[in-house]
Amino acid sequence: MDCNDLGLVTRARAGGTDAFRVLVERYSRPLFRLAYRMTGNQQDAEDVVQDSFLRAYKQLARFDERASFGTWLYRIAVNCSLDLVRSRKRRNELMAPEDSQMDDPILSLPARDPSPDRIAMSGEVRDRVAEAMTDLSASERTAFVLRHFEGMCIEDVSRVLGCQPGAAKHSVFRAVQKLRRALEPLVSAAR
Amino acid sequence: MNHLSEEQLILHYYGESDDAAAAGDALATERHLEECGECRALYVSLQRVLNVVDALPVPERSADYGAEVWQRIEHRLGARRS
Ligand SMILES: [Zn+2]
């Protein structure tokens with residue numbers, strides 16, 4: 001089926017699950033990548049993808065047709081991710097107060113289809129990068145993922161975060177600063 | 001021109017200008033980076049760090065992942081009309 005997002009949304013609103021199905025098929029993979037960057041965990045990312053589509057479907061009537069469906073969906077996915085990360089943190093704090101990073105499964109990820117970059121990246125480096133990402137606050141991580149990996153402009157990042165562009169910019173700064181502090185010794189040692 | 005701040009370097013990396021009014025900023029930043037070894041070193045380290053971050057792998061999902069997701073959620077969509 002070849003149809004633009006807006007046409008599909010309109011049909012889905014009228015009860016057309018086939019139209020919504022096309023949107024799910026179109027956005028599942030990019031949403032998974034976003035959710036994985038946000039949660040650092042495959043199972044969580046899978047859950048976020050499903051929850052996001054369920055939430056989106058329920059809230060379809062509230063979607064503003066002048067906006068981009070993709071951005072709107074990303075906002076939902078970011079919120080699902082943050083909810084999940086928060087509840088996981090709480091769970092971890094209850095169970096192991098001092099050790100909330102212990103079960104971060106990103107550390108044991110097998111890359112299925114390794115690109116040259118992935119091969120070049122040693123396990124230790126990967127672990128340190130993953131750890132540095134988990135040390136970012138929720139808004140820093142969100143702003144960084146959207147700006148850096150998704151290539152969104154600051155305006156769109158602020159729309160997803162529901163804050164002013166200046167605040168979004170500041171979150172990107174802080175994220176990059178923290179990453180640089182954490183990873184700088186690693187990159188200078190490698191060369 | 002004073003040395004560039006870390007914030008300015010980060011903005012420059014992302015191609016965002018510090019101030020919407022200052023269109024010449026990017027040019028001035030570039031010129032400073034050419035002339036100043038200290039700032040250039042900082043900028044190169046920033047680039048290296050972000051390159052390493054870029055290389056963090058994301059597990060792949062197959063082409064029919066969307067269809068799998070649909071199968072898992074289809075029966076749960078009913079709630080909207082309640
Ligand atoms: Zn300088």
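**Notes on the predicted model**

1. Let me begin with a helix pair in chain A: H7(A) and H8(A) cross in the right-handed sense. Please keep in mind throughout that this is a predicted model. H7 of chain A spans residues 138-149 and H8 of chain A spans residues 154-161, and the two pack at an angle of about 140° with their axes 10 Å apart. That angle makes H7(A) oblique to H8(A), because only angles over 145 degrees would count as roughly antiparallel.

2. Which residues make the contact between these two helices? From H7(A) come A:Ser139, A:Thr142, A:Ala143, A:Leu146 and A:Arg147, while H8(A) contributes A:Ile154, A:Val157, A:Val160 and A:Leu161. Sorted by class, the contact of H7(A) with H8(A) has six nonpolar residues, two polar ones and one charged one.

3. Staying with H8(A), have a look at burial. A:Ile154, A:Val157, A:Ser158 and A:Val160 are buried in this helix. These residues cover an arc of only 160° around the axis, which means that they sit on the same side of H8(A). As a reminder, an α-helix has 3.6 residues a turn, so residues three or four places apart point the same way. A:Ile154, A:Val157 and A:Val160 turn up both among the buried residues of H8(A) and in the contact with H7(A).

4. One backbone detail is worth a glance while you are there. Just after H8(A), A:Gly162 adopts a positive phi of about 70°.

5. Next, a residue elsewhere in chain A. A:Thr17 lies in helix H2 of chain A, which covers residues 17-39.

6. What does A:Thr17 touch, leaving aside its neighbours within four places in sequence? The partners are A:Tyr57, B:Trp70 and B:Leu77, so the list includes residues of chain B as well as one of chain A. A:Thr17 and A:Tyr57 are 40 residues apart in sequence, and their C-alpha atoms are 9.5 Å apart in space.

7. Finally, chain B itself. This chain has four helices and zero strands, and its elements run α-α-α-α from the N terminus on. Of its 82 residues, 40% are buried. Among contacts in chain B with a separation of 6 or more, 59% join residues 24 or more positions apart.

Key:
Residues are numbered from 1 along each chain as its sequence is written. Chains are lettered from A and ligands numbered from 1 in the order in which they are written. This is a predicted model: local features need pLDDT of at least 70, side-chain atom pairs count only at pLDDT 80 or more; totals for chains, interfaces and linings use all residues. Side-chain values use heavy atoms; hydrogens and water are left out. Axes are lines fitted to C-alpha atoms, for helices over the stretch in contact, and angles run from 0 to 180 degrees between N-to-C directions. Angles under 35 degrees count as roughly parallel, over 145 as roughly antiparallel, 65 to 115 as roughly perpendicular and the rest as oblique. A crossing is left-handed if the near helix is turned anticlockwise from the far one by less than a right angle, and right-handed if clockwise. Contact means heavy atoms within 4.5 Å. Ala, Val, Leu, Ile, Met, Phe, Trp, Tyr, Cys and Pro count as nonpolar, Asp, Glu, Lys and Arg as charged, and the others, Gly among them, as polar. Buried means under 20% relative accessible area, exposed over 50%, partly exposed in between (1.4 Å probe, protein chains only). The arc is that of the directions from the helix axis to the C-beta atoms.
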